[in-house]
Amino acid sequence: MDLNQALEQIGKAPTLEHLQALKVQYLGKNGQITQALKSLGQLPPEARRERGQELNTWKKALEEALQTREKELRQEALKAQLERETLDVSLPGYAFPAGGLHLTSLILGELVNLFRRLGFSVVEGPEVESEFFNFDALNMPEWHPARDMQDTFWVDLKPPFTLQGPLGETVNDLGGAVLRTHTSGMQIRYMIQHTPPFRIVVPGRVFRYEQTDASHEAMFYQLEGLVVGPNITMADLKGAIHELARGLFGKEGKARFQPTYFPFVEPGAQFAMWWPERGKWLELGGAGMVHPYLFRAVDDYRARQGLPRVYEGMTGWAFGMGVERLAILRYGIPDIRYFYQNRLSFLRQFR
Ligand code: PHE
């Protein structure tokens with residue numbers, strides 16, 4: 001075996017794998033040095049000693065060379081890895097789209113904030129409602145013609161699904177289950193649960209069995225308002241709606257009321273708002289003074305639940321308005337179906 005050649009081989013080993021193979025070749029169990037050391041015993045004693053020393057020197061030299069080369073190779077590998085993994089912080093990053101609120105959410109947020117400033121609380125109610133809260137308690141018994149204008153989707157509720165009343169009670173015996181046709185049912189629910197005076201607005205989704213076209217959708221949003229207390233008058237209603245008009249359309253915004261009929265208000269009105277920018281009236285919703293029948297129905301319900309009657313002699317007003325309608329009029333949106341088709345090119349215009 002030629003030591004110098006072996007050392008040179010080791011010094012030039014291109015990879016750790018090559019190096020390992022050389023180590024086995026010389027120093028492994030069957031390696032050349034190991035074998036030579038094993039066969040020392042066959043030599044005559046004087047030669048044995050000399051040869052033994054020589055082999056040990058070789059062994060040490062080989063071990064040192066192997067170690068040195070291994071260190072070098074490991075360092076080279078690390079350097080290569082560091083170079084490979086450098087990060088160019090000057091490269092442009094990826095843009096993460098921030099998203100935005102839906103047009104309906106934006107308008108609802110605006111409306112709700114206006115009423116918050118007037119001291120109203122915001123409450124929400126169930127979308128699957130009992131016939132009693134959606135119709136009967138609002139002075140719309142089964143035979144009432146006003147029901148025809150709000151025909152809806154009836155829901156076949158089967159256990160374990162139940163309808164809950166405002167006090168947490170099960171109310172499956174209060175007529176069928178409907179997808180609510182308006183948010184007005186929350187007037188009843190809230191009154192049963194609370195003692196006046198109070199001011200609330202109720203944003204929410206409502207459903208009607210409609211033939212869908214550019215101005216009709218089977219699902220849309222309403223904002224309901226309800227104020228109850230002693231000595232509330234129609235002037236308070238007009239004041240609040242007027243304030244809303246100013247909030248939405250600026251200093252010159254104002255409201256107009258025209259008599260109309262809803263079973264749950266008396267007198268009843270539809271209201272429009274003056275849009276100074278366009279110089280026209282926008283029909284926005286219905287309103288009126290809470291019908292005494294509602295107070296009686298609420299007190300009756302409360303009495304059945306063991307609660308005191310607190311609505312005798314009370315007064316109040318309510319309104320309900322279409323949320324998409326406001327957006328349609330304000331932005332000149334040609335088709336109500338655009339709202340929930342979720343085409344981004346439409347929605348992005350309103351972020
Ligand atoms: N609930 C009525 C509707 O959906 C609107 C309304 C609410 C009218 C409150 C008067 C008072 O058409």
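**A salt bridge and the helix packing around it**

In this predicted model, Arg 69 and Glu 72 form a salt bridge through their side chains, with an N to O distance of 2.6 Å. Both residues belong to helix 4, where they are 3 residues apart, about one turn of the helix. In general, side chains of opposite charge can pair when their charged atoms come close. The salt-bridge count comes to 15.

Arg 69 also takes part in the contact between helix 4 and helix 1. Helix 1 covers residues 3-12 and helix 4 covers residues 45-84. A packed pair of helices is described by the angle between the axes and the distance between them. Here the angle is about 15° and the axes lie 8 Å apart. Angles under 35 degrees count as roughly parallel, and helix 1 is therefore roughly parallel to helix 4. The crossing of the two helices is right-handed.

On the side of helix 1, the contact is made by Leu 3, Ala 6, Leu 7, Ile 10, Gly 11 and Lys 12. Helix 4 contributes Trp 58, Ala 61, Leu 62, Ala 65, Leu 66 and Arg 69. Sorted by class, this contact holds 9 nonpolar residues, 1 polar residue and 2 charged residues.

Technical notes
Residues numbered from 1 in each chain as written. Predicted model: local features only at pLDDT ≥ 70, side-chain atom pairs only at ≥ 80, totals over all residues. Heavy atoms only, no water. Axes fitted to C-alpha atoms, helices over the stretch in contact; angles between N-to-C directions. Helix = DSSP H or I, 4+ residues; strand = E, 2+ residues; numbered from the N terminus. Parallel < 35°, antiparallel > 145°, perpendicular 65-115°, else oblique. Left-handed = near helix turned anticlockwise from the far one by under 90°. Contact = heavy atoms within 4.5 Å. Nonpolar A, V, L, I, M, F, W, Y, C, P; charged D, E, K, R; others polar. Salt bridge = Lys/Arg side-chain N within 4 Å of Asp/Glu carboxyl O.
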